[in-house]
Structure formats: structure tokens, C-alpha cells
Amino acid sequence: MALPMRDQMKYWCVAAAVFLVVLWFTGDVLLPFLIGAAIAYFLDPVADRLEALGLSRAMATMVITLIAILIFVLMALLVIPALVTQSVSLFNVAPKLADNFMAFLRDHFPTLFVEGSTLNNSITSIAATVQERGGELLQTALASAASLLNVMILFVIVPVVAVYLLLDWDRMVAEIDSLLPRDHAPVIRRLARDIDKTLAGFVRGMGTVCLILGTYYAIALMLVGLQFGLVVGFIAGLVTFIPYLGALLGGILAIGLAMFQFWGDWVSIGLVAGVFILGQTLEGNFLTPKLVGNSVGLHPVWLILALSVFGSLFGFVGMLAAVPIAATLGVIARFVAERYRESMLYKGTDSTSDRTEK
């Protein structure tokens, strides 16, 4: 005999509350495991395709691991040192850029610096903060990154977790499926398929878009001659999954740096702006429709809300969990809306009486 709906709701609410409490108190501990699980989920289709070609699951996992190690070594030798060097250089020249910016404003907009005006006080305060706190901000950021993602997490726990989860992914899914309540297993499987379709379409699609755009921005800006093109391209590609933020943030940063570096050379400044205009055009008209699609069902506003809420509540771990939770809640909301449209609460009593008369 099935449990009453009220009792079932109690169990599911308790499970959700326990999940949030665990996320709250063990966020930093769970971080490497969440990253490892995300990597395994991302690579599971690759392992499945290698299995279809005749490899065992263990061999498929080994091939993926060796390729990942090769890519990491190449990045560590070629990309990461240049990225770190440019990042440090950018922070070091930040005070000089602030001085140049203030000189530019004084020369072209002298009315902004009327003594005692609110705008003058604000600009002076911002410039002083940039000059005095630039180096300190870099040291704080590096210290925070070191405490959050230490060497053990990055180079030991995450890869080990990812490899083991990738190796046992299908077995874990089958085990979870065997634990589903029998009365609701078909509905839960349907919801899980919809969640997987939504999440996979967004995460894998947007991950590919971020990688393509980040590479494009970095290479194009370096070819144009922008000093910190690699850093700007990395930042723009990293935040591309938030709609329009990647192009906006990267464009403002790149054009601002180009104005200081190429002031008077409007062709070079225009080329830098053209890089981001072309990138945004490619993203909106080709990359996102082809790689993500319009049927993902994860609205940009809903995604931004989820990132903001879970990021403020649970920090970086919350931001990692925000996308799958947003996808899950979106699928459940559509399912509830579908059931509501099929219910008597939506159709009313007139539809019942009409069917009876017929």
C-alpha cells in the first residue's frame, strides 16, 4: 500500500532540508567531490562512445585520463605561465593605468574636476583605492585561492574522484535506479531524463562555447597586439555562461586597455572592439544555437537568480551547485504545470459535465 501524499511530501521536504544543511556546513569539504563529479558527468558520454567502439569501461577511463594528463601538461608548460605572468603584470600596472586615466579625464573633461563636486570626489577616491590597494588585492586574491583550492585539492583529490566516478558512473546510476520507490519510479525516471537533457545541454554546450570563445578572444587579442590579451580572453571566456556578461566584461576591459595602449591609433582600438563584436555575433547566431540549442529550458534570468542566491548562501560551492539545482527545479516546475493543466483544478467542473452529457 502506497504512502499517502502528505507523508510522501514530508519525506521529500526533510530530504531537501538535510541536503541544504549538509551543503551549508560541509561546503569546503564537498568542493573537490563536486568538481570531480562534474568532470565525470561531463566526460561520461565520451566514455560511453569509447565503449561503443569496443573498449571496456576501464580502458575507456584510462584513455580519457591519459589524454587529460597530456592536455594538462601542455597547458602547464605553454598557457598557465603566460596567464600568470600577464595577470601579475596587469595588477602591477594598474596604478599607472589609473594615473593615465585621470590625466586623460583632466585633459578632455576638465569640468569633471571642479573642486568639491561629488563626481570629482568619487573619481579621486576610486583612483586612490586602485593605486593603494592594487597589490594588496592581488595578494588577497591569491591567498584566498590558495586556501580555497589548495594544491592537494587541485592535483590529487579532484582527479582521483573524477577517475573513480567516471569508472563507476553507469554502475552508480543503475544502483540509484534500483533504490527508487516502485510506485513512482517511471515518473522519477522521466524527470531524471528531462533533468539530464537540460543539464547536459547547458553544461556541456556552454562549456564548449566558453572554451571556444575564450580561445578565440585570447588569440585574436594577442594577434591585434593587446598586451594583456590572454588574461582578457580567459576572463571573457570563463564568464560567458552568464548571458552577455562575458562579452560585456571582456569588451569593457579590453577596450579600456586598448585605449591606454593604442591612444590615437583608432584602427587598433577598432580592431579590439571588432574582436568582441564578432565574438558576440558568433555566439548568438551560431555557437549557442548549435551547441546549446533553444530547447534546454534554462532561462538566462532563472540562471542568474540561481547563481546569485546559491552563491550568496553557500559561496563558491553554491555557485557550482546552482546550475544543476536550477535545472532540476525548472524541470519539476514544468512537470507540476503539466499536471496542473490536466487536473480538475485547472479544467473545472464544466469539462466533466460536458463529457458526461456526450
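**Close-up views of an all-helix model**

Read along the sequence, the pattern runs α-α-α-α-α-α-α-α-α-α-α-α-α-α. That makes 14 helices and zero strands, where helices (H or I, at least four residues) and strands (E, at least two) are DSSP runs numbered from the N terminus. This is a predicted model, so local features need pLDDT of at least 70 and side-chain atom pairs count only at pLDDT 80 or more, while totals for chains, interfaces and linings use all residues. Residues are numbered from 1 along each chain as its sequence is written, and side-chain values use heavy atoms, with hydrogens and water left out.

**View 1. The whole protein, inside and out.** Of the 358 residues, 29% are buried; buried means under 20% relative accessible area, exposed means over 50%, and partly exposed is in between (1.4 Å probe, protein chains only). The protein exposes about 22400 Å², with carbon and sulfur atoms supplying 72% of that. Areas like this come from the Shrake-Rupley method with a 1.4 Å probe, and for residues only the protein chains shown count as cover.

**View 2. Helix α8 from end to end.** Helix α8 takes in residues 185-224, 40 residues in total. From first C-alpha to last it reaches 56 Å, close to the 58 Å expected at 1.5 Å a residue (the expected span is 1.5 Å times one less than the number of residues).

**View 3. Inside the largest nonpolar core.** This core has 44 residues, and Y217, L221, L226, A254 and F276 touch the most other members. A core here is a set of buried Ala, Val, Leu, Ile, Met, Phe, Trp, Tyr and Cys residues joined through side-chain atoms within 4.5 Å. Helices supplying at least two residues each include α2 (27-52), α8 and α10 (245-261), and the largest share, 11 residues, comes from α12. Zoom in on F276: leaving aside neighbours within four places in sequence, its contacts (heavy atoms within 4.5 Å) include Y217, L221, V232 and A254.

**View 4. A nonpolar patch on the surface.** Twelve names to look for: L55, M59, M62, L66, I69, F72, V73, L77, F155, V156, V160 and Y164 make up this patch, with about 1100 Å² of accessible area together. Patch residues have over 30% relative accessible area and no salt bridge; like charges are joined within 9 Å, and nonpolar side chains (Val, Leu, Ile, Met, Phe, Trp, Tyr) within 5 Å. α3 (57-78) and α6 (151-167) each supply at least two of the residues, and α3 gives the largest share, seven. Y164 sits in α6 and counts as exposed at 54% relative accessibility.

**View 5. Salt bridges around R57.** A salt bridge is a side-chain nitrogen of Lys or Arg within 4 Å of a carboxyl oxygen of Asp or Glu, and the structure holds seven. R57 pairs with E51, closest N and O atoms 2.9 Å apart, and D170 pairs with R57 at 3.3 Å. D170 lies in helix α7 (residues 169-178) and R57 in helix α3, so this pair ties together parts that are 113 residues apart in sequence. R57 is buried at 11% relative accessibility, while E51 is partly exposed at 28% and D170 is partly exposed at 37%. D44, D48, E51, R57 and D170 are linked in a salt-bridge network.
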